[in-house]
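Let's take a walk through a protein model together, one part at a time.

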Amino acid sequence: MKPSRRSFLTGAAAAGVGSVAATVAKGQTAPDPAITELQDWQVYLGDGVDAAPYGMPSKHESHVVRRTVEWLTADNVSSINFTPLHELDGIITPNGVCFERHHGGAAEIDPAEHRLMINGLVDKELVFTMEDLMRFPRENHVYFLECAANTGMEWAGAQLNGCQFTHGMIHNVMYTGIPLKLLLAEAGLKTNAKWILPEGADASAMTRSIPIEKALDDCLVAFKMNGEALRTEQGYPVRLVVPGWEGNMWVKWLRRIEVGDEPWHHREETSKYTDLLEDGTARRFTWEMDAKSVITNPSPQAPLTHGPGYTVLTGVAWSGRGTIPRVDVTLDGGKNWHQARMSGPSLNKSMHRFYFEFEWDGKPLLLQSRAHDSTGYVQPTKNQLREWRGENSIYHNNGIQTWYVNEKGEAENVEIS
Ligand SMILES: Nc1nc2c(c(=O)[nH]1)N[C@H]1C(S)=C(S)[C@@H](COP(=O)(O)O)O[C@H]1N2
Ligand SMILES: [Mo]
């Protein structure tokens, strides 16, 4: 009888639990001191309350940090570091490990001295203090922010060894903020208002042109992330949230929104954040982030250490155009695909979590994941992307990632399609 997929899954789960329990019972001939000896934490009193008025992770988790790649940029004030995706689970990125991308360092702003101006094609030019902003109705939404350059180093072939470095220019946070349309309505848009130009208060004075339709749709002027004030690195005291669109447009330390009738063609939408195609023309205004996924475990920084047997594979998927109803996973480089199990909330323009549990036979694996989004779009292979866009691109690489896992369970970044 051919076992159904369901019976295979429950069978594997049962076998898995059985074999995990057996390791403890069978392998342990001598008494286990972790059980029989009194540990320090049982015989000495621990820290009292308030030892850390702002709590930090356990010291045993000190390896869970953002990391940078020194050779990528000349100086760390205009640089990037990466979210440790392989150490996280669920869908929310903890504030302390949200990747950072600054063009002029992180501005340290006194909120009492901060102002947000709206000027240009409006009936009434306005200036808001933080206190003024707190009197507008707010909303809560979970959104991913992905830098358009995420995975950009991988265009020509496999390069960086770890999903933190290949895919870690992303974070997924619950924002509390004011719908931008409320602030624009307060100023009153002129009939020829077609674009906005948000500007940062940092030394780089970051600016991007955003069409008015997006500004009036789902953009937020956010001041909280995951319940607490924005971190300095993420734009304290206010940043623009531009759901589903490339991270560069999410202006941090937001000080001004100019309203205009055409785009400004500034640096970040001409010389940067455009894609040079084979025919010499450049794709411009590529705002939406295409559906993408990556297996976070196992991966080069998170090898399989338990040997053959029941194995938990997991990863994340997202789309700038909606939700992710489905992710497929292959263990053999695309010969056979299996539908992964989605777990956790499936929110619009948010990260999604998937799992695939399987019996590892101890033989090498070629792991890939492939996201489907709610528009029906399917994540392409890197070869397909190169066919469409040539070899010169940096931004918007959403190709399928491959990890090679050897018999020892060590994983490596490779490319097969
Ligand atoms: N004011 C300002 N806003 C900015 C930037 C900046 O350098 N200055 N960098 C942009 C880029 S390129 C990205 S990818 C995101 C990164 O946001 P994060 O640092 O919260 O990860 O912020 C964007 N907003
Ligand atoms: Mo970016």
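Start at ligand 1, which has 21 residues around it in this predicted model. What classes of residue make up the shell around ligand 1? The shell has eight nonpolar, eight polar and five charged residues.

Gly200 belongs to strand 7, which covers residues 195–200. In what order do the five strands of the open sheet run? The order is 4-3-12-7-8, and the pairing is mixed. At the edges you will find strand 4 (126–129) and strand 8 (210–211), each of which pairs on one side only.

Now look at the two partners of strand 7 in turn. With strand 8, strand 7 pairs in the antiparallel sense over two bridges. Here Trp195 stands opposite Pro211, and Ile196 stands opposite Ile210. With strand 12 (residues 254–260), strand 7 also pairs in the antiparallel sense, and this pairing has six bridges.

Next, step back to see the whole chain. The domain assignment gives domain 1 at residues 71–283 and domain 2 at residues 292–414. Their C-alpha centres lie 27 Å apart. Where the domains touch, 31 residues of domain 1 are in contact with 32 residues of domain 2. Which elements give two or more residues to the side of domain 1 that touches domain 2? They are strand 5 (139–146), helix 5 (163–167) and strand 13 (275–276). Helix 5 gives the largest share, four residues. By class, the residues on this side of domain 1 divide into 17 nonpolar, 11 polar and three charged.

An unreviewed UniProt entry places the feature "domain: Moybdenum cofactor oxidoreductase dimerisation" at residues 284–401. In the model, that span is 7% helix and 36% strand, and its end C-alpha atoms lie 25 Å apart.

Some details of the backbone deserve a look too. Most residues other than glycine have a negative phi, and most peptide bonds are trans. Against that background, which residues are joined by cis peptide bonds? Tyr236 and Pro237 are one such pair, with omega about 5°. Pro237 sits in the loop between strand 10 (228–229) and strand 11 (239–241). Asn297 and Pro298 are also joined by a cis peptide bond, with omega about -5°, and Pro298 lies in the loop between strand 15 (292–297) and strand 16 (309–318). Asp50 has a positive phi, near 75°, and is found in the loop between helix 3 (40–43) and strand 1 (79–80).

Finally, how confident is the prediction? The mean pLDDT of the protein chain is 94, and 93% of its residues reach 70 or more. Over residues 1–18, however, pLDDT stays under 50. For that stretch the model has 11 contacts beyond four places in sequence.

Methods. Residues numbered from 1 in each chain as written. Chains lettered and ligands numbered in written order. Predicted model: local features only at pLDDT ≥ 70, side-chain atom pairs only at ≥ 80, totals over all residues. pLDDT = per-residue confidence, 0-100. Contact = placed C-beta atoms within 7 Å. Near = placed C-beta within 6 Å. Nonpolar A, V, L, I, M, F, W, Y, C, P; charged D, E, K, R; others polar. Pairing = 2+ DSSP bridges. UniProt positions renumbered as here; feature names shortened; annotations may be inferred. Domains from an automatic or database assignment.
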